[in-house]
Amino acid sequence: MRKTKPKKRFILPDPRYKDAWVTQFVNNMMQDGKKSISYDIFYNAMDLIDERTKEEGKTPLDIFKQAIDNITPQVEVKSRRVGGATFQVPNEIRQERKVSVGMKNMILFSRKRAGKSMSEKLAAEAIAAYNNEGGAYKKKEDTHRMAEANKAFAHFRF
């Protein structure tokens, strides 16, 4: 590489929970630069999580963080062309990317869910991920299964 690597930008914490993960999640969820709407959706989802999981005895932020941890993949497969053939090579993911992929999967499967509002869909997906269920958790399991199946091609790592 000729250019120097850009400096890492640090994300400021959100106003309610004072957590950088929440801000990162809201930034990923945001569409058309409408951050305040994205914050409203997230905070409404957190209120719904709080209502639905009263008996757990945990804060909604703890449930959200555990859900993200449950759907965060450890490995991914990347296509690598070797001698005319394309192989799916399993690679470990660095920490920042793991969290980012997990958040994006949760948002993707929340949007696909059936429900009235995005906050209801997001709350339902977060609770499902907390219980090791739902689309985002299944995606993580599929990714791990694919990496395990292609473990024989790990020597093609780059």
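**A154.** Leaving out residues up to four places away in sequence, A154 touches V89 and P90; contact here means heavy atoms within 4.5 Å. I placed A154 in the segment after helix 6 (134-149).

**Ground rules.** I number residues from 1 along each chain as its sequence is written, and my side-chain values use heavy atoms, with hydrogens and water left out. The model is predicted, and local features need pLDDT of at least 70, side-chain atom pairs count only at pLDDT 80 or more, and totals for chains, interfaces and linings use all residues.

**Overall layout.** I count 6 helices and 2 strands in the protein. Both are DSSP runs numbered from the N terminus: helices are H or I with at least four residues, strands are E with at least two. From the N terminus on, I read the order as α-α-α-β-β-α-α-α. The C-alpha trace spans about 55 × 40 × 30 Å along its principal axes.

**Helix 1 with helix 3.** I took helix 1 as residues 20-29 and helix 3 as residues 60-71; they pack at an angle of about 65 degrees, with axes 11 Å apart. That makes helix 1 roughly perpendicular to helix 3. Axes are lines fitted to C-alpha atoms, for helices over the stretch in contact, and angles run from 0 to 180 degrees between N-to-C directions. For the wording, angles under 35 degrees count as roughly parallel, over 145 as roughly antiparallel, 65 to 115 as roughly perpendicular and the rest as oblique. I noted a left-handed crossing for this pair. Left-handed means the near helix is turned anticlockwise from the far one by less than a right angle; right-handed means clockwise. On the helix 1 side I found W21, V22 and F25, which meet L61, F64, K65, I68 and D69 in helix 3. By class, this contact has 6 nonpolar, no polar and 2 charged residues. Ala, Val, Leu, Ile, Met, Phe, Trp, Tyr, Cys and Pro count as nonpolar, Asp, Glu, Lys and Arg as charged, and the others, Gly among them, as polar.

**Helix 1 with helix 4.** Helix 1 supplies W21, Q24, F25, N28 and M29; helix 4 supplies V99, S100, M103, K104, M106, I107 and R111. I sorted these contact residues into 7 nonpolar, 3 polar and 2 charged. The axes come within 10 Å and cross at roughly 50 degrees. That makes helix 1 oblique to helix 4.

**Helix 3 with helix 4.** I read an angle of about 105 degrees, with the axes 8 Å apart. That makes helix 3 roughly perpendicular to helix 4. F64, A67, I68 and I71 of helix 3 make the contact with G102, M103 and M106 of helix 4. The classes are 6 nonpolar, 1 polar and no charged.

**Largest pocket.** I noted a volume of about 430 Å³ for the largest pocket. A pocket is an open set of points on a 1 Å grid over the protein atoms alone, where a 1.4 Å probe fits, with protein on both sides within 12 Å along at least five of seven lines; lining residues have an atom within 4 Å of a point. Grid points are joined across faces, edges and corners, and the volume is the space filled by probe spheres set on them. I count 13 lining residues, with K8, R9, I11, Q24 and E96 nearest the centre. Helix 4 (95-112) and helix 1 each supply at least two. The largest share, 5 residues, comes from helix 4. The lining divides into 5 nonpolar, 3 polar and 5 charged.
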